[in-house]
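This report describes the structure shown below. It takes up the cores, then the strands, then the surface.

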Amino acid sequence: VPLGIAKPELLKSRIASLGYREVITYSFVDPDLQAALDHDQVPMVLANPMSSEQSVMRTNLFPGLINVMRFNLARQRENIRIFELGACFLPGDSQFERQMLGGLITGGPFPENWNNVSRELDFYDLKGDLERLLEWNGKEVKYEKTHFPILHPGQAAKVILGGEELGYFGRLHPNIEKSLDLTQT
């Protein structure tokens with residue numbers, strides 16, 4: 001989600017109140033992961049990268065969020081709600097550096113126990129979180145079915161706030177889940 005936000009701390013506070021944890025990831029990412037998650041953009045290649053896994057500038061926040069999810073899943077932390085508000089770099093764009101908001105959920109809505117029925121988070125859980133986040137704005141929120149290359153064809157939507165396109169949300173495309181060896185997203 002591209003943002004032109006005057007008070008990012010207020011936004012972060014509102015997202016955290018929905019149960020999300022803020023993460024901060026590197027702006028330098030793996031070129032293969034970046035290509036898998038944004039094949040439409042050609043990222044800026046660094047002249048002297050720290051490593052080959054950090055040799056391009058991110059064009060969206062997904063590479064960092066997915067790496068955080070992988071790290072947590074490898075440690076049996078399955079109920080994950082994370083977000084990042086950070087700079088992304090779009091070569092050829094008149095506004096080269098943009099602040100964007102990204103989030104990721106996986107696992108269940110509650111820790112599993114005898115009193116809670118186990119189920120996986122889904123598209124509608126994420127949509128509900130977005131509705132609660134945007135309701136404070138006072139502008140009309142609409143959702144339109146959309147095709148976004150990295151999102152599941154039947155579980156992706158465009159968010160329109162006050163008549164202006166805000167961004168996209170949905171489940172990762174099954175081909176991307178498979179290629180990145182993600183079993184829960």
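Ile-66 touches Leu-37, Leu-104, Leu-172, Leu-180 and Leu-182, leaving aside residues up to four places away in sequence; a contact means heavy atoms within 4.5 Å. The model is predicted: local features need pLDDT of at least 70, side-chain atom pairs count only at pLDDT 80 or more, and totals for chains, interfaces and linings use all residues. Residues are numbered from 1 along each chain as its sequence is written, and side-chain values use heavy atoms, without hydrogens and water.

Ile-66, Ile-82 and Leu-180 touch the most other members of the largest nonpolar core, which has 21 residues. A nonpolar core is a set of buried Ala, Val, Leu, Ile, Met, Phe, Trp, Tyr and Cys residues joined through side-chain atoms within 4.5 Å. Buried means under 20% relative accessible area, exposed over 50%, and partly exposed in between (1.4 Å probe, protein chains only). Two or more residues of this core come from each of H2, helix H3 (62–73), S4, S5 and strand S7 (151–161). H3 gives the most, with four residues. Helices (H or I, at least four residues) and strands (E, at least two) are DSSP runs, numbered from the N terminus. Another core, of 18 residues, lies apart from this one and includes Phe-83, Leu-85, Leu-126 and Leu-130.

Leu-182 is found in the segment after helix H5 (174–179). Leu-182 is buried, with a relative accessible area of 7%. Its contacts, not counting residues up to four places away in sequence, are Ile-66, Met-69, Arg-70, Leu-172 and Glu-177. The C-alpha atoms of Leu-182 and Leu-73 are separated by 9.6 Å, while the two residues are 109 residues apart along the chain.

Why is strand S4 (residues 80–89) described as largely enclosed by the rest of the structure? The description holds because 10 of the 10 residues of S4 are buried. The pairings of S4 are given in the table; two strands pair if DSSP finds at least two bridges between them.

| Partner of S4 | Bridges | Direction |
|---|---|---|
| Strand S1 (residues 21–22) | Two bridges | Parallel |
| Strand S5 (residues 97–106) | 10 bridges | Antiparallel |

Glu-22 has Phe-83 as its bridge partner in S4, and Ile-82 has Leu-104 as its bridge partner in S5.

Met-50 is exposed, with a relative accessible area of 56%.
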